[in-house]
Amino acid sequence: TEIDTIRVYPLSVGGTLPGDFTICDNANGGVIDLTGYTGDIDHWEFSQDGGATWTNIPNTSDSHLFSDLTDTTIYQVFVESGTCPGVYSSQVTLTLIPGSDAGAITGDTLVCNFENGSPLVVGGYNGSVLDWISSSDTGATYLSTGVSTDSYDFSGLLGYTIYGVIV
């Protein structure tokens with residue numbers, strides 16, 4: 001009697017990448033995870049021309065680390081289960097947007113004790129002004145001023161004070 005062994009593989013399932021998200025053009029990086037797949041990861045792919053052309057990434061893990069992308073980028077993963085035909089995962093698009101830029105602060109830089117100066121103004125920034133901060137201990141600690149506009153009126157200074165803005 002002859003015995004044949006038949007190996008049955010489950011169908012390949014490409015799995016799911018996270019939903020699309022935005023990344024900043026001046027600093028980006030993170031991890032993309034593939035979930036819900038069946039089979040072995042053969043490789044990852046990316047496209048920076050809307051999916052017209054794809055470049056293989058020799059990564060066979062279920063996570064991919066990205067950093068310093070300079071264009072909107074689409075990722076997908078190719079998965080194969082045994083001898084079953086391989087399939088692609090869902091795609092995730094990382095859309096590049098302009099990142100925050102703190103700009104520059106202008107205004108009086110020298111005033112006498114208790115003298116009011118002209119308002120400090122932040123210009124050339126990209127993003128939203130979240131808070132003006134100040135330090136009277138040469139930058140060791142900063143305190144919130146609670147002001148979230150593009151200008152800050154200071155008054156009654158008793159000594160050396162550093163001002164900054166969080167954008």
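Does cysteine 24 count as buried, partly exposed or exposed, and what is its relative accessibility? In this predicted model, cysteine 24 counts as partly exposed because its relative accessibility is 29%, and a residue must fall under 20% to be buried. Cysteine 84, by contrast, has a relative accessible area of 14% and is therefore buried. A disulfide is a covalent bond between the sulfur atoms of two cysteines. The structure holds zero disulfides.

The largest nonpolar core comprises 14 residues. Those with the most contacts inside this core are Leu17, Ile32, Trp44, Tyr75 and Leu94. At least two residues of the core come from each of three strands, namely E3 (40-47), E6 (73-80) and E8 (92-97). Strand E6 gives the most, with three residues.

E3 and E6 run antiparallel and are joined by seven bridges. Within this pairing, aspartate 40 stands opposite glutamate 80 of E6. E3 is joined as well to strand E4, which spans residues 55-57, by three bridges, and these two strands likewise run antiparallel. Here glutamate 45 stands opposite asparagine 56 of E4. In a regular strand the side chains alternate between the two faces of the sheet.

Definitions and conventions
Residues are numbered from 1 along each chain as its sequence is written. This is a predicted model: local features need pLDDT of at least 70, side-chain atom pairs count only at pLDDT 80 or more; totals for chains, interfaces and linings use all residues. Side-chain values use heavy atoms; hydrogens and water are left out. A nonpolar core is a set of buried Ala, Val, Leu, Ile, Met, Phe, Trp, Tyr and Cys residues joined through side-chain atoms within 4.5 Å. Buried means under 20% relative accessible area, exposed over 50%, partly exposed in between (1.4 Å probe, protein chains only). Helices (H or I, at least four residues) and strands (E, at least two) are DSSP runs, numbered from the N terminus. Two strands pair if DSSP finds at least two bridges between them. A disulfide is a pair of cysteine sulfur atoms within 2.5 Å.
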